[in-house]
Amino acid sequence: QVQLVESGGGLVQSGGSLRLSCATSGSGLSIGSMGWYRQAPGKQRELVATIISGGTTNYADSVKGRYTISRDNAKNTVYLQMDSLKPEDTAVYYCNVNVRAGWSRSNTYWGQGTQVTVSS
């Protein structure tokens, strides 16, 4: 059974840094793209960053230059390094992975969410 476990959230002051981790458990997994989303109170969930299996990354304009997404394929883990944090970064962050199933399809899984709070 595939499970995603997130860690690394917390409370930091404006300008500080956090590093989020998301480990995917399961045997014999073939993982494609991985990403991070966030949802602030009263707002829709938004895409933060993605990374494909080959290493190419994409970022939302609001975090570009401050966040770095990376992955360790041997550990089936995706990371999000967050620097120069701002109060508007406060949200629950969710990781997302796509696990290949067969030759032409994949299944999507979500982490439980981790709270990131940035004080002014």
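A disulfide here is a pair of cysteine sulfur atoms within 2.5 Å. Cys22 sits in strand E3 (residues 18-25) and Cys95 in strand E9, so the bond ties together parts that lie 73 residues apart in sequence. The two sulfur atoms are 2.0 Å apart, and the count by this rule is 1 disulfide. Both Cys22 and Cys95 are buried, where buried means under 20% relative accessible area, exposed over 50% and partly exposed in between, with a 1.4 Å probe and protein chains only.

Before I go on, the provenance. This is a predicted model, in which local features need pLDDT of at least 70 and side-chain atom pairs count only at pLDDT 80 or more, while totals for chains, interfaces and linings use all residues. Residues are numbered from 1 along each chain as its sequence is written, and side-chain values use heavy atoms, with hydrogens and water left out.

Now the secondary structure. The protein has 0 helices and 11 strands; helices (H or I, at least four residues) and strands (E, at least two) are DSSP runs, numbered from the N terminus.

Which strand holds Asn96? Asn96 is in strand E9, residues 91-100. Asn96 is buried, because its relative accessible area is 8%. Leaving aside residues up to four places away in sequence, Asn96 touches Leu4, Ser33, Met34, Gly35, Tyr37, Thr108, Tyr109 and Trp110. Contact means heavy atoms within 4.5 Å.

On to the whole chain. Of the contacts with a separation of 6 or more, 54% are between residues 24 or more positions apart. Buried residues make up 38% of the 120 residues. The radius of gyration is 14 Å, which agrees with the value near 14 Å for a compact globule of 120 residues; this radius is taken over C-alpha atoms, and the globule rule is 2.2 Å times the number of residues to the power 0.38. Along its principal axes the C-alpha trace spans about 50 × 25 × 25 Å.

Last, the surface and the charges. The protein exposes about 6600 Å², and carbon and sulfur atoms supply 46% of that area, by the Shrake-Rupley method with a 1.4 Å probe. There are 11 positive and 7 negative side chains, and the centres of the two sets lie 6 Å apart. Lys and Arg count as positive and Asp and Glu as negative, without His and the chain ends; each charge is placed at NZ of Lys, CZ of Arg, CG of Asp or CD of Glu.
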